[in-house]
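Please keep the sequence and the structure in view while reading.

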Amino acid sequence: MAPAKKRNVSSVKTAEKSAKKAKVDLSKSVERILESRKHANDVFDILESLQAEQEKEVISAVAACSELFCALLERKELFLGKLPGEEDALSGGYSAQDKYQIFMRHRYTSCVEILLEHLSHEQYDIKESAMCCLMKFAAGEGRHPLEDLDWSEHYSFPRELIQALVDNLLSKTTDNSLLISRFQQFLEMEDVRYYVMSSIRDNVGKVMDKNKGAVVPVYQNNVFTLMSSISMPNQESELTNFMVKQEAKHEDWKAAKLHVSKIVEVKSSHFCFQQKGFLNVIKSSATQEHKRVFERMWLGFLKYKLPNSMYKKVLVILHDSILPYMSKPTLMIDFLTAAYEIGGAISLLALNGLFVLIHQHNLDYPDFYKKLYNLLEPSVFHVKYRARFFHLANLFLSSSHLPVYLVAAFAKRLARLALTAPPTALLIVLPFIYNLIRRHPSCRVLIHKPSTEDEPFEDPYLMDEEDPAQCRALESSLWEIKSLQKHYHPDVAKAALLINTPLSEQEDDISETLEVTTYELMEKDLKQPELKSVPLEFETATRLLKGGGDVLGQHFCLA
């Protein structure tokens, strides 16, 4: 086996040497091309290495392409305008300089196509280097546009290149989460973020319509990963970081000749200009346009059916990372109501978004409390988002204007569920019930229920009734809490005993117990100070286990 091992080592060394040699050769090729046009054909060697099988050779070729074409863009040695075919360039009346620029522009186009294909490569390092190179090209095209632009209508941003990059990031078959996380650093630039959001919206519409709205898990996960990586600016003054920084080139381009309505109409294509005085006029419109594009992107994504796991991911960040940055948050009503009706943990998470819309945007949601009441099931004590649910439920039931029958229904249902709940949940539920009674003194009838000897023992409360108005909670009592006074956990039994005494006016703070876990509860019990002695009998045994040979001898004699 030793000779085989040596051959493997030598082959690795040979590959490393060839990779270093290729890197040197590619660097020399770039230098020759930039020095003299007579070496233009060396670009084919670079493009050939760009499609090699060895990872190091490909990465070296990517670096060479980046150096070469960024320099050509800077020198303006790539053909500007609509690119003619290479055969047309040879037969047409083009100058030698035009033919060279057309030739190099075609090579640049080929390079971009190969790099876009490498975004789906098996090796992550190749994907990352290809993506970074494409973003360098985008910055170069922004500074030195390859198209003739009408400066009264357009801004020199490489939208087509960004669109192609986004289309390849949003793969239908490959999970690109790692690559998208690397791309996140580019999203910190205002202009890149704006056009990426527009590109996502266009891509989602095409792909989902082509699949007739069917669930595409891998693709939708890539889309969500990319969208959730976008951090919107909080203030207008934050619109300062741009990838493309270019002054207006025409005298007619002045802020005084632009009205706010015109700026909005061109969809913020001009907001990226760094000209003095111009940003001060359009920052407000730019920020609003950012919000509009952000809003359209999310609405375009959420209007299609999502995997159940995706609903959870969206709802976890919705109230805090999406709704605050939308121009019209009320447009999310349809999505939230649909998610709220799914049931289970998804319904619990939808409460956050509905809470924002109800309290901040005056959403009138019919039968809200009825649906909230039906979310109270045994599983609510075991889900990951239990703390969030009880926090929001506490807010929704904090109003003193709620009808007594509704509050009584919630208190009774929680008490019934408490019979099978774990101790960590009971330490939340019992103070929760007490707070409901404190806010609504009319519910004290559930504690001090008058009874007669002729009254049947059966509980009139209807646990299976979905309508809290029909569950007959006010006719019942909180006997379940009385039962919990014999609970095996001392903290629960102590909390249940409070119902025997008049409740104080001060509400219990449940925030401290919302996040308590079973492990923490056990740790707390184990840290209790140990008792010095545990009494077992009235008279302590003295002889039986302390060398009582006489007693044992008497037993043997008797035997």
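The model is a predicted one, in which local features need pLDDT of at least 70 and side-chain atom pairs count only at pLDDT 80 or more, while totals for chains, interfaces and linings use all residues. Residues are numbered from 1 along each chain as its sequence is written, and side-chain values use heavy atoms, with hydrogens and water left out.

Within helix 9 lies Ile200. If neighbours within four places in sequence are set aside, Ile200 is in contact with Val166, Val223, Leu226, Met227, Ile230 and Met297, where contact means heavy atoms within 4.5 Å. Met297 is 97 residues from Ile200 in sequence, yet their C-alpha atoms are 6.7 Å apart in space.

| Residue | Relative accessible area | Class |
|---|---|---|
| Ile200 | 1% | buried |
| Cys65 | 0% | buried |
| Cys132 | 17% | buried |
| Ala338 | 41% | partly exposed |

Ala338 belongs to helix 14, residues 333-340, and its C-alpha atom is 9.1 Å from that of Ala350, 12 residues apart along the chain.

How many disulfides does a search of the whole structure find? The search finds 0, a disulfide being a pair of cysteine sulfur atoms within 2.5 Å. Cys65 is in no disulfide, with the nearest cysteine sulfur, that of Cys111, 3.6 Å away. For Cys132, the closest cysteine sulfur is in Cys133 at 8.8 Å, which is too far for a bond.

Finally, the axes of helix 13 (residues 308-322) and helix 15 (residues 344-360) come within 9 Å and cross at roughly 30 degrees; axes are lines fitted to C-alpha atoms, for helices over the stretch in contact, and angles run from 0 to 180 degrees between N-to-C directions. Helix 13 and helix 15 are therefore roughly parallel, a term for angles under 35 degrees. Among the residues making this contact are Tyr311 and Leu315 of helix 13 and Leu349 and Ala350 of helix 15.

Definitions and conventions. Helix = DSSP H or I, 4+ residues; strand = E, 2+ residues; numbered from the N terminus. Buried < 20%, exposed > 50% of the residue type's maximum accessible area, 1.4 Å probe, protein only. Parallel < 35°, antiparallel > 145°, perpendicular 65-115°, else oblique.
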